[in-house]
Amino acid sequence: MKKIFAIITILFMASYIYSQEAVYVKGKGYEGYVFPKEHPIWGFPPEQNRYTPNLEDIAQAEKILRDSIGTVYVKSHQQAYRKPPINKRTLKNYLRQYLGYITEEGEIIIHIYLNKSIETDKNKLSEEIIAVFGGGSNHWHVKINISTKELFDMQVNGIS
């Protein structure tokens with residue numbers, strides 16, 4: 001009986017460790033789900049350069065994101081709004097989804113999808129990347145190179 005229990009426990013732990021489910025993360029001013037490199041995105045198989053970010057990668061990406069708010073680059077991507085909706089105060093209101101990539105040069109890129117005021121439960125955020133067309137500043141995404149500490153490819157959805 002003990003052997004069966006041990007085998008079942010080991011199998012359960014192995015399936016948990018190697019699962020393709022997103023992992024919930026929460027830090028100071030952010031929360032979201034990290035998708036493993038094996039997780040298919042929008043029905044497509046994972047690309048060869050996918051990477052599973054660890055907690056340190058996410059913390060670094062979030063620091064770079066916070067430090068970049070208010071820069072000319074971020075402000076220029078919010079010109080359609082009279083008052084920029086994405087600032088250090090509002091940043092904590094967005095739930096995140098994280099994907100990792102490694103460039104040919106070996107640099108780590110964290111792609112962050114940020115969503116607020118979405119009409120789906122948090123469990124849906126752990127199942128697949130949420131793609132929203134429209135919705136204004138409630139939905140946006142950005143890429144962060146944690147190797148070079150740069151934010152780039154910021155895209156705020158169209159005005160709602």
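Tyr94 is buried, at 1% relative accessibility. Buried here means under 20% relative accessible area, exposed means over 50%, and partly exposed lies in between, with a 1.4 Å probe and protein chains only. The model is predicted, so local features need pLDDT of at least 70 and side-chain atom pairs count only at pLDDT 80 or more, while totals for chains, interfaces and linings use all residues. Residues are numbered from 1 along each chain as its sequence is written, and side-chain values use heavy atoms, with hydrogens and water left out.

Tyr94 also takes part in an aromatic pair. Its ring and that of Trp140 have centres 5.8 Å apart and planes at 90°, so the pair is edge-to-face. Rings of Phe, Tyr and Trp (its six-membered ring) pair if their centres lie within 6.5 Å; planes under 30 degrees apart count as stacked, over 60 as edge-to-face and the rest as tilted. Tyr94 lies in the loop between α3 (72-76) and β4 (95-102), and Trp140 lies in strand β6 (residues 139-145), so the pair ties together parts that are 46 residues apart in sequence. Trp140 is buried as well, with a relative accessible area of 2%. The protein has two aromatic pairs by this rule.

The overall fold comes next. The protein contains four helices and seven strands. Helices (H or I, at least four residues) and strands (E, at least two) are DSSP runs, numbered from the N terminus. From that end, the order of the elements is α-β-β-β-α-α-β-β-α-β-β. Of the 160 residues, 41% are buried. The accessible surface comes to about 10100 Å², and carbon and sulfur atoms hold 58% of it. Accessible areas come from the Shrake-Rupley method with a 1.4 Å probe; for residues, only the protein chains shown count as cover. Among contacts with a separation of 6 or more, 57% join residues 24 or more positions apart. A contact means heavy atoms within 4.5 Å.

Strand β1 (residues 23-27) and strand β2 (residues 30-34) run antiparallel and are joined by five bridges. Two strands pair if DSSP finds at least two bridges between them. Val25 has Gly32 in β2 as its bridge partner. The two strands form a hairpin with two residues between them. In the turn, Gly29 has a positive phi of about 85°.

Charged side chains were examined across the whole structure, and four salt bridges were found. A salt bridge is a side-chain nitrogen of Lys or Arg within 4 Å of a carboxyl oxygen of Asp or Glu. One of them joins Arg96 and Glu62, with 2.9 Å from N to O. This pair links distant parts of the chain: Arg96 is in strand β4 and Glu62 in helix α2 (residues 55-68), 34 residues apart. Arg96 is buried at 1% relative accessibility. Glu62 is buried at 0%.

Lys63 is partly exposed, at 44% relative accessibility. Asp67 is partly exposed too, at 45%.

Arg50 and Glu47 meet in a further salt bridge, at 4.0 Å from N to O. Arg50 is buried, with a relative accessible area of 6%, whereas Glu47 is partly exposed at 41%. The charged end of Arg50 also sits over the ring of Tyr101, 6.0 Å from its centre. A charge sits over a ring if NZ of Lys or CZ of Arg is within 6 Å of the ring centre and within 35 degrees of the ring normal.

Ile144 belongs to strand β6. Ile144 is buried, with a relative accessible area of 0%. Neighbours within four places in sequence aside, the contacts of Ile144 include Ala61, Ile64, Leu65, Ile108, Ile110, Leu151 and Phe152. Leu65 is 79 residues from Ile144 along the chain, yet their C-alpha atoms are separated by 7.5 Å.

Ser117 lies in the loop between β5 (108-115) and α4 (122-125). Ser117 is exposed, at 62% relative accessibility.
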